[in-house]
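This briefing is for a reader meeting the structure for the first time. Please look over the sequence and the model, then read the points below.

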Amino acid sequence: MSAALAPAGRARNRSGRVGDSRLAARLARELEGEVLFDPFSRGRYATDASIYQIEPIGVVVPRRRADVEAAIAIAREEGVPVLPRGGGTSQCGQTVGEALVLDCSKHLNRVLAIDAEARTATVEPGLVLAHLNAALRKHGLFFPVDPSTHARCTLGGMAGNNSCGAKSIRYGLMADNVLAIEAILADGGSCRFAAQADNLGAAQTPPARLELVERLRALGTREAGEIAARFPRQLRRVGGYNIDALTPAARAAGRDNLARLLVGSEGTLGFFAALDLKLAPIKPRKVMGICQFPTFRKAMEAARHLVTLDPEAVELIDRTMIDLGRRIAIYRPTVDRMVQGEPQALLTVEFAGGEDGPLLAKLAELKAMMAELGHPGAVVEAVDAGFQAAIAEVREAGLNIMMSMKGDGKPVSFIEDCAVDLADLADYTERLEAVFRRHGTSGTWYAHASVGCLHVRPVLNMKDGTDVRRMRAIAEECFALVRDYKGSHSGEHGDGLVRSEFNEPMFGPRIARAFEAVKDAFDPKGLFNPGKIVRSPRMDDRSLFRYAPDYAPNHASLPFTPVLDWSEHPGPLGGFLGAVEMCNNNGTCRRADPGVMCPSYRVTKDEAHLTRGRANSLRLAITGQLGPDAIASDAMAETMKLCVSCKGCKRECPTGVDMARMKVEVLAARARRHGVPLKDKLIAHLPAYAPWAARFPGLMNLRDRLPGLAALSESLLGFSARRSLPCWRSDPFRDAEIAAFAPAPGTATGEAVLFVDCFTRYFEPGHARDALRVLSAAGVAVEIARPWDNGRALCCGRTYLAAGMVDHARDAARRMIASLLPAVGRDLPILGLEPSCLFTLRDEFPALLPGPEARAIADRAMLATQYLARESKVGRLALPLRPLAGQRALVHGHCHQKAFAAFEDTLACLRLVPGLAVEPIASSCCGMAGAFGYDADTIDVSLRMAELSLLPAVRAAGPGALIVADGTSCRHQIADGAGRPARHTLSILAEALRP
């Protein structure tokens, strides 16, 4: 057997089966799916978005239903539990446990059937909600349960949790929208749970299934009175099992569909093989009003009145979320537009329908009601789709925006989503705030004011035993308050490890025993996800925590010192551990839309190749849980191998996990331990030997011209023979050329410094000349960034960073900073053409050489397109441009352009060309990512990334369309993969200049 995760002080491997190599071998023989029992894989599946960490026995990624059936049969025979898992985003610890994890998200993700006329769909459990809705859109339908995680949560997980979402006031919970569940049960058989006649179709029902249903109904009849007395009368009640569906009253009301019982069962009763869902028609129009309140209580008092306007949703955003949202670049513009003055709370009220007129009338009613409530003029209207989408993005990221606090104190999810009547909401929240104050903390609030279910997270440090005891006390006092108000202690995110033990105080001992009877009827040997809902451990058992009592870097055995500055994060290893811990496993990196993050996961669908998976591996490694040298190990190298350093996570991760920078630490640690491979050295030192190589371009370009040399370079160095290399030019850019582009004397309207990077200088010098033409035509007096020592051309050091050669990168940065300080003294903008090189000045320089000089360079560094767009916005740009022959430009954004919010400026520059229709390509990373696309080991993944959306869009473009990409790697990928030349924005502008 493999050893469990260290450190030894943690209570783990209670069964003795964690990492069982014999079990793994049997599973591998009898299943088609992947079997992952290695320590890194187990570590990646040991956490979800809760406070817990429990190492699984192993992981199976089934390819088809037969794999699931075989895995369950083997687990039953071997006496090990089974834990079904979807997106792994549970807040309460439902998807962690010492069990055989079945990850459904990679392969069991098909839409099996859509009946548009009946408004139903049948799906596999691993299907992501956003993918289902994309498939339904052409039918004018959608699935109306809309949790904020819709871009990554799976339908099976939603059913397991009884998910809700913002529109539950209109459409109800998951239990109201699941028509049937086909489940694989503990004995290996399957059963369809759905609405059934009283006789259960006895002739067709197997005796064992008939007996199960009869036992359940007998339980419902026996406990009907207790259920009526003890179950909260709240829409948002997802605690325990839905045994109210078993009562005679439920049968009389037509709410006795047995699928309701399985919904919310958190994988404890069976494996959901397929789900029949109830669909709703899309309402094509909507409007929103963002109501501003001077105090939190005023917002809570208003909620009960606002719901009388029959909205789709009423969502709360508190002051803490407003302030945190403003600190995150991707959300700041939206939050600023939403907020009027200095409110302490916002309520976003949404109305939807088929026509604008009635919706605008609803918005007018909302404004009138707010005035009646004493808040005239306190509604910000959102009637355009773009603003609404941006608001939705902020709302959906709410939980994770709260987690963007730096340091050990974080908003902790354990009383996350209690629900009370709207009439009690103001008093309940005020009393709960008093509980927080008594315990020396405060809470963050947001979410579903329409149904009295507010996400509240007290700020606590889960590494501190005192705060853990505070958590326990707060939970007990909060749940006592909820019982006072006859509310629900579990209103959306389920029970899991954090709330299951409180089911008995909430429902009483008799109902708790009924829950146990349901579990035993389905699963008498405890095969499925034990310890959830019934017979659970204490929620504050620290041996189950991500931050157990012995959690810390093991300095004695950990040969690792960070090479970059992480001081913006407090904590050990110079703040590096704190930076890694910013990943709270929320899974935004699994999102389905075509943003930037996370391109490798989109191709492989593997947890290992996900920002979250890498962050978990890093955290376990630097705290000694994967062994003494894990950070420099082959397993860690494999974990980081497909990270393309796109920086998408830096911008799109709500908690700001910067995996590109973290990868540098891994590369540096590996370089120290194992050295740097020859191929990586050749790429890293390119800036140093480029001046000499440029003298012999014919010789340097022979690799792609003489037959056999490409194959030889692959066998000797690892450069893929299927990929052409950049072509050395015989006319590299020379700094002296600047003289030819100076504006006429007395005509300059601005000054700037242009940094010509190595790739532009030696491989695409025309772009530098085009940039100088455009800047000169705009009246900008340009200086070339020249080395202070008159040595070789300046370099950003990015090629060294990509090889883990941080000392060389630091030397390059030091030389660059010294050369640019005179420009800083004159407050000149520092312009660049290649996004990856220019943004190294912005992002890596302060981490390589922390201090005011690097910060000053970073503050002034921008792409030339950003500079031109800025000047245009303030009316200082007068470019004499004419129409071009091509009237349509398809534009691919470089990942770093998107990560640093520079892509819109690129589009704005192109729109300066008269008559040019500019269309951004909805694409993620092109897949080249510097050397990544040239490597024989990664070229297949590189091409698959490009084929997700970029290359198909380019191929579909007409022959007259201009293809624009500002990254040299992006242009190379487009040329190799689609056979089309792509051009730099500055080249387009240069061509459009009037003679």
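This is a predicted model: local features need pLDDT of at least 70, side-chain atom pairs count only at pLDDT 80 or more; totals for chains, interfaces and linings use all residues.

In which strand is the place of Ala345? Ala345 belongs to strand β14.

**Strand β14**

- Ala345 has a relative accessibility of 0% and therefore counts as buried.
- Phe293 is 52 residues away from Ala345 along the chain, yet the C-alpha atoms of the two are separated by 5.4 Å.
- Not counting residues up to four places away in sequence, Ala345 touches Cys291, Gln292, Phe293, Thr295, Phe296, Ala299, Leu316, Ile317 and Asp318.
- Thr348 is also placed in β14, which covers residues 345-353.
- With 4% relative accessibility, Thr348 counts as buried.
- When neighbours within four places in sequence are left aside, the contacts of Thr348 are Met288, Gly289, Ile290, Ala313, Val314, Glu315, Ile317 and Met338.

- Strand β10 spans residues 271-278, and seven of its eight residues are buried, so the strand is largely enclosed by the rest of the structure.
- Strands of a sheet pair through backbone hydrogen bonds, in a parallel or an antiparallel way.
- One partner of β10 is strand β6 (residues 120-123), with antiparallel pairing over four bridges.
- In that region Thr120 stands opposite Lys278 of β10.
- Strand β8 (residues 178-184) also pairs with β10 in the antiparallel sense, over six bridges.
- Glu182 has Ala274 in β10 as its bridge partner.

**The four-stranded sheet**

- Four strands form an open sheet in the order β20-β19-β21-β22, and their pairing is parallel.
- At the edges are β20 (780-784) and β22 (861-863), each of which pairs on one side only.
- On average, neighbouring strands of this sheet are turned by 40 degrees against each other, direction ignored.
- Strand β21 (residues 830-832) runs parallel to β22 and is joined to it by three bridges.
- Ile830 has Ala861 in β22 as its bridge partner.
- Helix α33 (residues 765-777) packs on the sheet and touches β19 (750-755), β20 and β21. The direction of α33 makes about 145 degrees with that of β20.
- Helix α39 (residues 864-873) packs on the sheet as well, touching β19, β20, β21 and β22. The direction of α39 makes about 85 degrees with that of β22.

**Helices α7 and α21**

- Two packed helices are described by the angle between their axes and by the distance between those axes.
- Helix α7 (residues 207-222) packs with helix α21 (residues 509-522) at an angle of about 175 degrees, and their axes are 10 Å apart.
- Because of this angle, α7 is roughly antiparallel to α21.
- On the α7 side the contact involves Leu212, Arg215, Leu216, Leu219 and Arg222, while α21 contributes Arg510, Ala514, Ala517, Val518, Ala521 and Phe522.
- By type, the residues of the contact between α7 and α21 are eight nonpolar, no polar and three charged.

- Leu943 lies in helix α42, which runs over residues 939-948.
- With a relative accessible area of 26%, Leu943 is partly exposed.
- Leaving aside neighbours within four places in sequence, Leu943 is in contact with Arg722, Arg723 and Gln973.
- The C-alpha atoms of Leu943 and Ile74 are separated by 38 Å, and the two residues are 869 places apart along the chain.
- In helix α44 (residues 968-978), the buried residues are Thr968, Ser969, Cys970, Arg971, His972, Gln973 and Ile974.
- Among the elements that cover the buried residues of α44 are α32 (758-763), α33, β23 (888-892), α42, α43 (950-956) and β25 (962-965).
- Gly979 follows α44 and has a positive phi, near 70 degrees.

**Cysteines**

- How many disulfides does a search of the whole structure find? The search finds zero.
- For Cys418, the closest cysteine sulfur is that of Cys478, and the distance of 3.8 Å is too far for a bond.
- Cys418 is buried, at 2% relative accessibility.
- For Cys925, the closest cysteine sulfur is that of Cys895, and the distance of 3.7 Å is too far for a bond.
- Cys925 is buried too, with a relative accessible area of 6%.

How values were computed
Residues are numbered from 1 along each chain as its sequence is written. Side-chain values use heavy atoms; hydrogens and water are left out. Axes are lines fitted to C-alpha atoms, for helices over the stretch in contact, and angles run from 0 to 180 degrees between N-to-C directions. Helices (H or I, at least four residues) and strands (E, at least two) are DSSP runs, numbered from the N terminus. Angles under 35 degrees count as roughly parallel, over 145 as roughly antiparallel, 65 to 115 as roughly perpendicular and the rest as oblique. Contact means heavy atoms within 4.5 Å. Ala, Val, Leu, Ile, Met, Phe, Trp, Tyr, Cys and Pro count as nonpolar, Asp, Glu, Lys and Arg as charged, and the others, Gly among them, as polar. Buried means under 20% relative accessible area, exposed over 50%, partly exposed in between (1.4 Å probe, protein chains only). Two strands pair if DSSP finds at least two bridges between them. A disulfide is a pair of cysteine sulfur atoms within 2.5 Å.
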